[in-house]
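Please open the model in the viewer and keep the selection panel at hand. The stops below are to be taken in order.

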Amino acid sequence: LGILLLIGLAVCPVYAAAPTVSSFITPSDNATGVSESPSLILQFDQNVVKGSSGNITIKKYSDDSTIETIAVTSGSVSAAGSAFVTITLSTLGFGTRYYVSIDANALKNGSAEGFAGISSKDTWDFTTKDNDGTLTASGTISEPIALPSTATTTGAAVDIFDFTLTDGGASDGLALAVTQVVLNTSGTGPFAKVTFRLNGPDAADVSGTYSSGANTLTFSGLTISVANAANETYTVNAYYSDNTNLSENQTLILSIDGDTDLTVSGTGTQISGANAAISNSTGSTLNITATTVAFTTAPAGSVSGSALTTQPIVTAQDAAGNTDVDFTETVTLTESSSGTLNNSTQTATGGIATFTSLAYTATADGQSFILTANDQDGIGTDLTTSNASAINADVVATKMVITAAPAGSISSTA
């Protein structure tokens, strides 16, 4: 009897239990914010291999429509005798709930015991992340805004551009995370002489990097996070790091397209792809604000009563020597000696008053006088006056005059 028992054990095979799923690893069941290009990974309670036939099907949860059918025998399914199976999918849609079904016996263990499969839509379902992120004009700044040449410090910086980032909040519950913002630059302005800074709820005075070759202004290293279904507004302010050699009315044009100029985290809300570029219209103009009237050509060569040989030119300038071409006031020249000036007023054109017939009449040969330039008092902002160097007037004789009449003549006697 004992012998018969041993023979029975040797002849009759021992069947292993059919494999079952121990974990849905990527994505987990009911996961949200899943990549639109995921690889599905599930773990079994034992090693499995592909069956000879069967499909893995991805369906839309809302209407059970089939999105993709993958033959288990294809290269998109990796099951080579380990407990892990990887399924590579084509790109899915954004913000959509999907579920996975697996045919019975599509996967088996080493003893050919088949996996029962997945047929319920609630066994392994997930939702992809949204792509409802948008970038729009804000409206908090009435663009374009002029940038005065006197804005040379952080405290004097001017807000010149703004935009709003919005997370549409459709379904994924994730934030719109932005790590880099790129503004496109155009216009005639000296971008290399201007410091631009980004400000907003998640950015404080972040300086941009200007590239003249790419015509871009890049704000990198950002940690902007717009909560699901929320929005945040960001502004760009500007001031001059170098305000020399500027030209009035040069333009600083900034633009951005949310679809191409934002870098967003791959694990959060994505940009919609339907954004339109926004800009600060015709751009911020460089506004030269004069603070003084200066002699840019010094007067010289005074012969009493005649026009100076070098006529003065007076220019309305800011502290950096830039010309305020919008200045059109009348410039008056004065002096405080006992002599007199003629033709001493001139209206400025394009910020410059060019004198042509200024003359000084002296009361003594070699008389010294100093010209003072002044704008029109009470019109616009009264500018600081300026003085030219002293000039000595030359009195040139034109005739001989007897100033003491002769009298008392005795022949041959003085």
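Begin with residue 199: the bridge partner of Asn199 in strand 21 is Thr235. The model is predicted, so local features require pLDDT of at least 70 and side-chain atom pairs count only at pLDDT 80 or more, whereas totals for chains, interfaces and linings use all residues. Residues are numbered from 1 along each chain as its sequence is written, and side-chain values use heavy atoms, with hydrogens and water left out.

**The sheet**

Select residues 194–200 and 231–240, which are strand 16 and strand 21; 6 bridges join these antiparallel strands. Strands here are DSSP runs of E with at least two residues, numbered from the N terminus, and two strands pair if DSSP finds at least two bridges between them.

Now extend the selection to the open sheet, in which 5 strands follow the order 12-14-21-16-17 with antiparallel pairing. Strand 12 (133–137) and strand 17 (203–207) stand at the edges; each has a single partner strand, so one side of each lacks a neighbour in the sheet. On average, neighbouring strands of this sheet are turned by 25 degrees against each other, direction ignored; the strand axes are lines fitted to C-alpha atoms, and angles run from 0 to 180 degrees between N-to-C directions.

Next, display the side chains of Asp205 and Arg197, which form a salt bridge with the closest N and O atoms 3.4 Å apart. The term denotes a side-chain nitrogen of Lys or Arg within 4 Å of a carboxyl oxygen of Asp or Glu. Asp205 is partly exposed at 39% relative accessibility, while Arg197 is buried at 9% (buried means under 20% relative accessible area, exposed over 50%, partly exposed in between, with a 1.4 Å probe and protein chains only).

**Charges around Tyr61**

A search of the whole structure finds 4 salt bridges. Which residues have a charged end over the ring of Tyr61? Select Arg97, whose charged end sits 3.6 Å from the ring centre, and then Lys121, whose charged end sits 4.4 Å from that centre. A charge sits over a ring if NZ of Lys or CZ of Arg is within 6 Å of the ring centre and within 35 degrees of the ring normal.

Follow Lys121 to Asp64: the two form a salt bridge, with the closest N and O atoms 3.1 Å apart. Lys121 lies in the loop between strand 10 and strand 11, and Asp64 in the loop between strand 5 (55–60) and strand 6 (66–71), so the pair ties together parts 57 residues apart in sequence.

Follow Arg97 to Asp125, its salt-bridge partner, where the closest N and O atoms are 3.0 Å apart. This pair links Asp125 in strand 11 with Arg97 in strand 9 (residues 97–102), 28 residues apart. Is Asp125 buried or exposed? At 2% relative accessibility, Asp125 is buried, whereas Arg97 is partly exposed at 33%.

**Aromatic pairs**

The structure holds 9 aromatic pairs. Rings of Phe, Tyr and Trp (its six-membered ring) pair if their centres lie within 6.5 Å; planes under 30 degrees apart count as stacked, over 60 as edge-to-face and the rest as tilted.

Select Phe24 and Trp124: their ring centres are 4.6 Å apart and their planes are at 25 degrees, so the pair is stacked. Phe24 is buried at 19% relative accessible area, and Trp124 is buried at 0%.

Then select Phe191 and Tyr210, a stacked pair with centres 5.5 Å apart and planes at 20 degrees. Phe191 is buried at 5%, and Tyr210 is partly exposed at 28%.

Finish at Phe161, Phe163 and Tyr234, which ring pairs link into a cluster.

Notes
Helices (H or I, at least four residues) and strands (E, at least two) are DSSP runs, numbered from the N terminus.
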